[in-house]
Amino acid sequence: MSKYRSSKSSIYIDGTDVPKNKLGIENTQDIHEVENILLEEAYAKLSSSLNTKTILDETYFINLHKKTFESLYDFAGVYRDVNMSKGESQFCLAQYLRSESKRIFTELEKDKYLQDVASDKTTFAKKLAYYQGELIALHPFYELNGRITRLYVDMLAMVHGYKPIDYSGAIENGAYIDASIACVQYADASLLESILFCGLSRFDIVN
Ligand SMILES: Nc1ncnc2c1ncn2[C@@H]1O[C@H](COP(=O)(O)OP(=O)(O)OP(=O)(O)O)[C@@H](O)[C@H]1O
Ligand SMILES: [Mg+2]
């Protein structure tokens, strides 16, 4: 069964949580394996091409999803046109997705992609958590929102000299979901901020 309640979503193979895909995979374990390989390839490619001129705008964010998963899914890089919720959390309504996405990325551009606060880890974690929380609440794609949001935030951290964020079990033990719930339901990014503060470390400094 799909984890999502969605009135007309048909991205999943009937009766499974496996999205219809270009490789004809029908098994959960196999699809996760392929997704993980594609994600690892994306991390390798993106980290090596990242430089101070990289602009982490909305197009960059959408392209992370598109380029990483277009060999597997037709919905890669496509914003959903159905409403989605999980548990008690209602993500951004489909009709507001585009305008909300524009608002978030315009704000981030005005914030110079956090360039001015990056040297102060406390402020950086706070700002990063705010934007990550906004993207979690946006939940713009049919699937893979968590992984693409974390990939994007990792790029935002790396472009300012940090390592990819070490979530240290927060994803596995449910802390990341609790933090997501606080962001989506209460616009409260403080739990996420703590996770990010612990998980951020610089490439050049031994903590
Ligand atoms: N109950 C919830 N309330 C709010 N947000 C949630 C809830 N459950 C999950 N989320 C958010 O949705 C994301 C999962 O979305 P999706 O399934 O599209 O992506 P994924 O990449 O498959 O997930 P994952 O993060 O588990 O790897 C989570 O990472 C989390 O941020
Ligand atoms: Mg998922």
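Are helices α1 and α5 roughly parallel or roughly perpendicular to each other? In this predicted model, the axes of α1, which covers residues 28-49, and α5 come within 11 Å and cross at roughly 20 degrees. Angles under 35 degrees count as roughly parallel, and α1 and α5 are therefore roughly parallel to each other. The crossing in which α1 passes α5 is right-handed. On the α1 side the meeting residues are Leu39, Ala42, Tyr43, Leu46 and Ser47, and on the α5 side they are Arg147, Leu151, Met155 and Met158. Sorted by class, this contact of α1 with α5 comprises 7 nonpolar residues, 1 polar residue and 1 charged residue.

The protein as a whole contains 7 helices and 2 strands. Read from the N terminus, its elements follow the order α-α-β-β-α-α-α-α-α. The radius of gyration is 17 Å, close to the 17 Å given by the globule rule for 207 residues, so the protein is as compact as a globular protein of that length. The C-alpha trace spans about 50 × 35 × 30 Å along its principal axes.

A second helix pair was also examined. Two packed helices are described by the angle between their axes and the distance between the axes. For helix α4 (residues 121-138) and helix α7 (residues 190-199), the packing angle is about 130 degrees and the axes lie 8 Å apart. That angle makes α4 oblique to α7. The crossing of α4 and α7 is right-handed. From α4, the contact is made by Lys121, Thr122, Ala125, Lys126, Leu128, Ala129, Gln132 and Gly133, and from α7 by Leu192, Glu193, Leu196 and Phe197. The residues of this contact of α4 with α7 fall into 6 nonpolar, 3 polar and 3 charged.

Key. Residues are numbered from 1 along each chain as its sequence is written. Chains are lettered from A and ligands numbered from 1 in the order in which they are written. This is a predicted model: local features need pLDDT of at least 70, side-chain atom pairs count only at pLDDT 80 or more; totals for chains, interfaces and linings use all residues. Axes are lines fitted to C-alpha atoms, for helices over the stretch in contact, and angles run from 0 to 180 degrees between N-to-C directions. Helices (H or I, at least four residues) and strands (E, at least two) are DSSP runs, numbered from the N terminus. Angles under 35 degrees count as roughly parallel, over 145 as roughly antiparallel, 65 to 115 as roughly perpendicular and the rest as oblique. A crossing is left-handed if the near helix is turned anticlockwise from the far one by less than a right angle, and right-handed if clockwise. Two residues are in contact if their C-beta atoms, placed from the backbone, lie within 7 Å. Ala, Val, Leu, Ile, Met, Phe, Trp, Tyr, Cys and Pro count as nonpolar, Asp, Glu, Lys and Arg as charged, and the others, Gly among them, as polar. The radius of gyration is taken over C-alpha atoms; the globule rule is 2.2 Å times the number of residues to the power 0.38.
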